[in-house]
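This briefing is for a reader who is meeting the structure for the first time. Please keep the sequence and the model in view while going through the points.

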Amino acid sequence: MYVNSWFDQTIQIKTELKGTEISILSYRFSGLEKMADGVYTFFAILATFIGGSGVILNFLVCLTYFATPKLLNASNIFLLNMAVGDFIYSLVALPLLVASNVRGKWAFGEAGCTAYAFITFFCALGSMMLLAVAAYERYFTLCRLYSDGQIQFSKKKAIILCVLMWCYALLWSLMPVLGWSRYILEGIGTSCSVDWTSRKPSDVWYTILLILGCFVLPVAIIVYSYIKTFRALRKLSQQALQNWGENNRVTQQTLKAERKMMWVIVAITAGYLFAWTPYALASVVAIVNPNRISPIGATIPAYMAKSSACYNPTIYVFMYRKMRSRLYEILCCKKSQVHPDAPSASEIASVRQSAPATLAGGRRTSSGDKFVDSSNTA
């Protein structure tokens, strides 16, 4: 009688493992506790807002860039790639999150869990690395321009760097799929991520290297680049004042445009760090003491990270006047007012190119002198 009972239970478990109940078993055996219905409703509404905003805003940014190729200088190529990544994530991954919260459990099985986590990590890591190279591009262009008057960062280099950063993100995202660590349910059990709590040495090493290579490293590059860029910008401001005078139109336009572009990238970076730093810290705590963070305590940083999909387009549209104006023209079906002679970032850089040359020649231009673009007279 005892043997038959044990045998019946074994057959039942094997049948469940072969059927559609595998996701339910994984949920129960993972130790995740069932939350109140109000908790799932709250996160379903939050995920709907993040996903809807991310799809609409990032689509508008992509539409504006594709409709206005003149806006695509090196810096904007990085921002366009971030918008594409955030759009894909918002369109593909977040609906799975909404549906799971509505059901009160992960609704798409282990394969769906792996696919969701892979897409999330791929898009998130790609955006983080693109922010790092965008910050470096600003530093490199400004400092090289100040030192020898040459504009070295081309659109081709920007495209190559974008491809490399996406490949870098793909490498780290694929590792859990291929067996180095794994993707499992996290928080309240309606989303998936890397297994931060695993005690296996190989999984712990993956988590440590992931945090160092995909969070600490890009943050260090961003901070270093902006510190150096601000110092170079201060020197360039002094140089412009010496050569053209404080009230000269070229001086004012050059410095205003450069500061504007820098603050756009700084604001995007600050928003991204605000979104991802709590998640990174929660991951570190999970490595050290897996039982220290409650399911809701692990879910809140995860949703803060997911909200970064709608930070970038919001900040960029509101801070970049030319982008905002062009978007208004597209939505109102008006003819483009972005002309080749408009003061884009690349053209302003060519205007600034005369600053080192002027200083090297030992001449000063008064505020009343007419400025002649050296690139047009060569």
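Helix 3 passes helix 4 in a left-handed crossing, a term used when the near helix is turned anticlockwise from the far one by less than a right angle, with right-handed meaning clockwise. The model is predicted, so local features need pLDDT of at least 70 and side-chain atom pairs count only at pLDDT 80 or more, while totals for chains, interfaces and linings use all residues. Residues are numbered from 1 along each chain as its sequence is written, and side-chain values use heavy atoms, with hydrogens and water left out.

**The chain as a whole**
- The chain has 15 helices and two strands, where helices (H or I, at least four residues) and strands (E, at least two) are DSSP runs numbered from the N terminus.
- Of the 378 residues, 48% are buried, meaning under 20% relative accessible area, with exposed being over 50% and partly exposed in between (1.4 Å probe, protein chains only).
- Among contacts between residues at least 6 apart in sequence, 77% join residues at least 24 apart; contact means heavy atoms within 4.5 Å.

**Helix 3 and helix 4**
- Helix 3 covers residues 37-67 and helix 4 covers residues 74-92; they pack at an angle of about 145 degrees, with axes 8 Å apart.
- The axes are lines fitted to C-alpha atoms, for helices over the stretch in contact, and the angles run from 0 to 180 degrees between N-to-C directions.
- On the helix 3 side the contact is made by G51, G54, V55, N58, F59, V61, C62, Y65 and F66.
- On the helix 4 side the contact is made by N76, L79, L80, A83, V84, D86, F87, S90 and L91.
- By class, this contact has twelve nonpolar, five polar and one charged residues. Ala, Val, Leu, Ile, Met, Phe, Trp, Tyr, Cys and Pro count as nonpolar, Asp, Glu, Lys and Arg as charged, and the others, Gly among them, as polar.

- I77 is in helix 4 and is buried, with a relative accessible area of 9%.
- Leaving aside neighbours within four places in sequence, I77 is in contact with L72, K155, A158, I159 and C162.
- I77 and K155 are 78 residues apart along the chain, and their C-alpha atoms are separated by 7.6 Å.
- A158 is found in helix 7 and counts as buried at 0% relative accessibility.
- Not counting residues up to four places away in sequence, A158 touches A74, I77, F78 and F153.
- A158 and S75 are 83 residues apart in sequence, yet 7.8 Å apart from C-alpha to C-alpha.

**Two buried serines**
- S181 lies in the loop between helix 7 (155-178) and strand 1 (183-186), and counts as buried at 5% relative accessibility.
- Phi of S181 is near 70 degrees, a positive value in a residue other than glycine. Most residues other than glycine have a negative phi.
- S193 is in strand 2 (residues 191-194) and counts as buried at 1% relative accessibility.
- The side chains of S193 and Y279 are joined by a polar contact of 2.5 Å. A polar contact is a pair of N or O atoms within 3.5 Å; within protein, one must be able to donate a hydrogen and the other to accept it, and residues adjacent in sequence count only if both atoms are side-chain atoms.
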